[in-house]
Every structure is written in C-alpha cells, then in structure tokens.
Amino acid sequence: MTSSVPPAVRQLRELALSAAWAASIRAAARLGVADALGDEPAPVDDLAKAVKADPESLNRLLRALACHGIFDDRGEGVFAHTEVSRLLRDDHPNSLRYMTLWATEPWTWELWARLDEAILSGENVFQSLHGKDFFEYLHADVPESAEVFDQAMTQASRLSARRLADTLDLSGVETVVDIAGGQGQVLATLLEANPGVRGVLFDLPEVVANPDPRLAEGGALASRTELVAGDCRRRVGVRADLYLLKNVLEWDDDSTVDTLRNLAVAAKPGARIVIVENLIDGSPESRFTTAMDLLLLLNVGGKKHTQDGLVKLVSMAGLRVEEVRPVNAYLHMVVATVSS
C-alpha cells in the first residue's frame, strides 16, 4: 500500500523546481503561443505549426503550464485558454506578456543563483558580475532587454494609471513631472484627465527617446508635454509644483534620499512630491512583493519598502509627509511637501 506524499514534502519539492514554471511561462510568451490560440480549443499540432515548434515538445510545455492554470488541457492534445493564459496575449487590455519576459530575462537567472552572496553581504551582486551598474549594463550591453523593461513598465502602469488619475488631485497644479516615468503611460493618462495641466516626462536619454505616442511629436498631448533626459539620482533641473515617482524609489536608501533631495532643490516652494509604491506590509500580493524585494537586492541593492521605512526616508530628505493612503488594493501613495 502506498502512502500519500506529505503536503510539506510536496510543497518544498515543487518550490525547488519553480524555475521550471518561470521558464515555461517565458517560453510560451516568447513563442507567442497565447496569441496563436484563439477563442476555441485547438489541437497542439495546429499551435505548433503556427509558432513553428516541435509538436511533442510544445505539448509537454502546455501540459506543464496547465498544471498551474495557464492554459486548459482538454485531453488528447487539445488546449484552450484560461483567464490566466489570456494575459500572455499582446492584445489583452491587461496583458502581462512583457512583465513575464522582464522577470525572466537571461540576466535574472545568473543573479538568482547568487542570492546567498547578496544575503551575506547585504549588497547587490550585479556590479561584481558585470563591472557596471544595472541600468548602465541594460542600455549599453543588452538594449533588447532595456526595450522589454520599457514595455513591461508600460504594461504595469496601464493597470493602475486610470485609478491613479482618479485618485490624484491636480487642482491648482500647473506642471506635473513624472520622474523616471518610462514611456509616459501614467503621465499621458494624467494629462488626458486634467486638460489644464502641463507635463514633463523625465527619464534617461534612451528612455525618453521612445515615449508614448500621445506624448511624442505630433501626438495628441505633445503641445502640453516636455521630454527631459536626466538621472534623478544626480540632478533634476525641472521646476514644477508636483513630482510623481511611481515604483521608482526601489534602489539603495542613499540613492532614494538623494533623489528626494534633488527634487526638493528643483521644486517650487510648497510643491508636492507624490510617491506611489507597492508596500510590503499589508499587501495582498505579498508573494509578488517579497519576490521583487529580493530581485531588487540582487540587481540594484534596493528594496521594496514598508510604510514606516519609506516615510522615514522621505523625512530624512527634509520633506514633510502629509498623508499615506491607498491608490488601489496593491498600491499606496505617500504625499510629501517641500518646505516653503
């Protein structure tokens, strides 16, 4: 008589092989399997032909993903979409295809293998591996990965931009600056919701060179938008009355404080600095947030924050914290002001 596998054994055994699931999702995203599969169930042979894959190997991939609710195995080599697998489609309004690719880029695998070193030292391991900091490496050595990053941030912003626009009161604001705002998905949404406001997209030169079409020359919001290249950790030479940092302050504490001080120097007296982050404490997405916290340790020596920890850093920069409130179920807003 065989005994059942104890739940603890099953859990740890599956977690130890969880890289297989991440790799499987990446493979499906890169191959475009979700885009090839339509609304109706389809045989794996047809899917393999569409994505130019080996049918037997593709069947094994989809069978593995189906164990996690990503695609539905109907038996006899036929697969259908699930709510989760549809998120890998490019045309899904909440697509996470690029987020999936970003989280599984080649550089991530070498970092995870050295997590114990980062835990021992408390510092990132990226510099010792590549001889340069993460963002310099990204744009100089793997520009295709930088492009994936930009697309991933745009997809992530799309999920929350509308809610942020509804929550953030821009009454009396003349100019809002989206610091390290990527392609400008959030800024474009804010400008659409507030016709009297001007916007500045501030990010690295390689990033602002490829803005959201609405903000680019000839775009619907171009006349109210300025694209400014720079590194907020060094200097922010843009004077405004509101600065937005959404999922930006995730590097080391010194860089976070330096960035906030740079904003205080550039800002108008009494200007608001609005920080939007996934906080570790109270998050309904603790598995996602704590995993990102470890990845940030590895690549930039950064962190996801607790509420008290973030408020402390804001205060260290000489800013006055006015309030902390939720944006949605997984994002919080810290509103601070610059001393008059």
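1. A cavity here is a set of points, on a 1 Å grid over the protein atoms alone, where a 1.4 Å probe fits but cannot get out. Grid points are joined across faces, edges and corners, and a volume is the space filled by probe spheres set on the points. The model is predicted: local features need pLDDT of at least 70, side-chain atom pairs count only at pLDDT 80 or more, and totals for chains, interfaces and linings use all residues. Residues are numbered from 1 along each chain as its sequence is written, and side-chain values use heavy atoms, with hydrogens and water left out.

2. The largest cavity has a volume of about 30 Å³. Its lining consists of Leu279, Gly282, Ser283, Pro284, Ala329, Tyr330 and His332, where lining residues have an atom within 4 Å of a point. By class, four of these are nonpolar, three polar and none charged.

3. The second largest pocket has a volume of about 160 Å³. It is lined by 13 residues, and those closest to its centre are Asn124, Asp133, Arg233, Asp252 and Val300. A pocket is an open set with protein on both sides within 12 Å along at least five of seven lines. Helix 9, helix 10 and helix 15 each supply at least two lining residues. The lining of this pocket has five nonpolar, four polar and four charged residues.

4. Helix 15 covers residues 286-300, and its 15 residues reach 21 Å from first C-alpha to last, close to the 21 Å expected at 1.5 Å a residue. Helices (H or I, at least four residues) and strands (E, at least two) are DSSP runs, numbered from the N terminus. Among the buried residues of helix 15 are Thr289, Met292 and Val300; buried means under 20% relative accessible area and exposed over 50%, with partly exposed in between (1.4 Å probe, protein chains only). The elements that cover the buried residues of helix 15 include helix 7 (106-112), helix 8 (115-121), helix 9 (126-130) and helix 10 (134-141). After helix 15 comes glycine 301, with a positive phi near 70°.

5. Helix 12 (residues 185-193) is mostly covered, with seven of its nine residues buried. Among what covers them are helix 11 (143-167), strand 4 (175-179) and strand 5 (198-203).

6. The count of disulfides (pairs of cysteine sulfur atoms within 2.5 Å) comes to zero. Cysteine 67 is exposed, at 64% relative accessible area, whereas cysteine 232 is buried, at 5%.

How values were computed:
Expected span 1.5 Å × (residues − 1). Contact = heavy atoms within 4.5 Å. Nonpolar A, V, L, I, M, F, W, Y, C, P; charged D, E, K, R; others polar.
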